[in-house]
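Reader: Please show me the chain and its fold, so that we may go through the arrangement step by step.

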Amino acid sequence: MDTEEIIRRLPKLEQHVHIVGSTKPETLLSIIEDSGAETKFKSIEDIRSFFQYSDFPHFISVYSTVNDCIIDEKYYERITYEMLESDASCNVKHVEAIFSANDHVRRGLDYEKMLDAINKGVRKAKRKFGITCTIRIDLVRNYGPKVAMTELDWIKRKGDNIVGIDIGGSENGFPPEPYEAVYKKAKDLGLHLVAHAGEAAGPESVWGAVKTLNVERIGHGVTAMKDPSLLREIRSRGIGIETCPVSNLRTAAINSLKEHPIRAFIKQGIRVSVNSDDPPMFNTEMNNEYLQLHKELGFSVDELMRISLDSIDTSFLPIKRKEELRGEFLKEYRELSPRRT
Ligand SMILES: [Zn+2]
């Protein structure tokens with residue numbers, strides 16, 4: 001078996017993938033036809049050419065247009081199922097998916113119905129592929145901390161399969177500090193804490209997530225590499241970084257994959273995961289993320305396997321499940337690559 005085939009078959013865990021951002025162009029078109037949503041998309045080609053971005057704000061505006069097309073809660077079942085089907089085809093065993101609930105509630109959809117539809121998709125994928133999936137709610141920083149507090153009340157009322165919170169959205173102009181009380185309350189509710197940071201804004205945004213929000217993981221973290229003392233702080237706190245290399249390239253957070261700081265993070269002793277973020281919108285999937293690291297940054301199979309194992313460590317799974325998964329991953333790895341141990 002050649003190296004690329006081994007990489008495709010490596011067991012993986014995904015920590016950073018957005019449910020709506022996983023809508024395939026074909027699925028989006030079929031949802032539009034089924035629901036009669038008002039949209040400018042008339043064909044797959046329209047959608048594909050729309051999925052090209054000049055920068056991060058442009059990506060956010062495209063993402064928002066996709067949100068506008070989903071006008072019924074029921075479609076989340078299919079979108080979630082297909083997201084997990086794609087992950088399962090890359091030998092991903094567990095997914096920690098992100099859902100920006102208020103993006104849709106503010107458009108008139110019902111939070112509880114959406115959550116039920118998502119969990120239906122999760123159960124269906126588990127039956128079919130054996131893949132498991134939990135959810136974290138992205139409070140979307142643009143809506144402000146008051147709305148975020150309300151969202152915590154929704155989670156408290158109905159939190160089926162929700163294990164954490166996040167702040168995504170426009171990092172520039174919406175720093176983390178005003179979310180201090182929100183993150184404290186989320187922690188009291190037993191939720192895990194993550195923030196998108198250092199993707200579209202500088203290291204100060206990551207500092208805020210680390211020091212004020214006390215996050216356990218950082219989404220992206222690209223600009224943290226500009227500040228060695230920040231990298232040391234991330235390592236000493238045991239914070240994991242959810243890297244999304246192809247996404248960073250597509251939104252122009254980096255100019256080429258060779259510039260991606262993932263190696264600098266690992267060298268610093270920081271545990272990283274590798275993730276697809278919004279796979280069809282960035283024309284990627286988990287296998288491609290791993291393959292790009294191999295091709296562009298020279299990651300060996302052993303180094304990629306290390307990332308898979310670190311992704312288990314920094315996941316939000318219960319300790320017992322982490323141990324089981326670690327055993328499963330190592331067993332598959334030995335079978336794939338008998339000369340390695
Ligand atoms: Zn993201």
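Reader: In what order do the eight strands of the open sheet lie, and which are the edge strands?

Author: In this predicted model, eight strands form an open sheet with parallel pairing, in the order β1-β2-β3-β4-β5-β6-β7-β8. From one strand to the next, the twist averages 25 degrees. An edge strand pairs on one side only, and the strands that do so are β1 (12-18) and β8 (272-274).

Reader: Which strands does helix α15 lie across, and at what angle does helix α5 run to β2?

Author: Helix α15 (residues 301-313) lies across β1 and β8, running at about 110 degrees to β8. Helix α5 (residues 75-89) lies across β1, β2 and β3, and its angle to β2 is about 145 degrees.

Reader: Which residues touch the most other members of the largest nonpolar core, and with which residues is Ile 118 in contact?

Author: In soluble globular proteins, nonpolar side chains tend to be buried together. The largest nonpolar core here has 89 residues, of which Ile 19, Ala 97, Ile 118 and Val 215 touch the most other members. Leaving aside neighbours within four places in sequence, the contacts of Ile 118 are Ile 19, Tyr 76, Thr 80, Phe 99 and Ile 135.

Reader: What is the handedness of the crossover from β4 to β5, and which residue is the bridge partner of Ile 165 in β5?

Author: The chain passes from β4 through helix α9 (residues 180-188) to β5, in a right-handed β-α-β crossover. Two bridges join these parallel strands. The bridge partner of Ile 165 in β5 is Leu 193.

Reader: Why are the buried residues of helix α11 on the same side, and what do they pack against?

Author: In α11 (residues 228-236), Leu 230, Leu 231 and Ile 234 are buried. These residues cover an arc of only 100 degrees around the axis, and therefore they are on the same side of α11. The face turned away from that side carries the exposed residues Pro 228, Ser 229 and Ser 236. The buried residues of α11 pack against α10 (203-211).

Reader: Is Val 140 buried or exposed?

Author: Val 140 is in the loop between β3 and α8 (144-157), and its phi is near 55 degrees, a positive value in a residue other than glycine. The cut-off for burial is 20 or more other C-beta atoms within 10 Å. Because Val 140 has 22 of them within 10 Å, Val 140 is buried.

Reader: Where is Asp 110, and what distance separates the C-alpha atoms of Asp 110 and Glu 73?

Author: Asp 110 is in the loop between α6 (101-105) and α7 (111-129). Asp 110 has 12 C-beta neighbours inside 10 Å and therefore counts as exposed. Glu 73 is 37 residues apart from Asp 110 along the chain, and their C-alpha atoms are separated by 7.0 Å.

How values were computed: Residues are numbered from 1 along each chain as its sequence is written. This is a predicted model: local features need pLDDT of at least 70, side-chain atom pairs count only at pLDDT 80 or more; totals for chains, interfaces and linings use all residues. A nonpolar core is a set of buried Ala, Val, Leu, Ile, Met, Phe, Trp, Tyr and Cys residues joined through C-beta atoms within 7 Å. Two residues are in contact if their C-beta atoms, placed from the backbone, lie within 7 Å. Two strands pair if DSSP finds at least two bridges between them. Helices (H or I, at least four residues) and strands (E, at least two) are DSSP runs, numbered from the N terminus. Axes are lines fitted to C-alpha atoms, for helices over the stretch in contact, and angles run from 0 to 180 degrees between N-to-C directions. The arc is that of the directions from the helix axis to the C-beta atoms. A crossover is right-handed if, with the strands pointing away from the viewer, the path from the first strand over the helix to the second runs clockwise.
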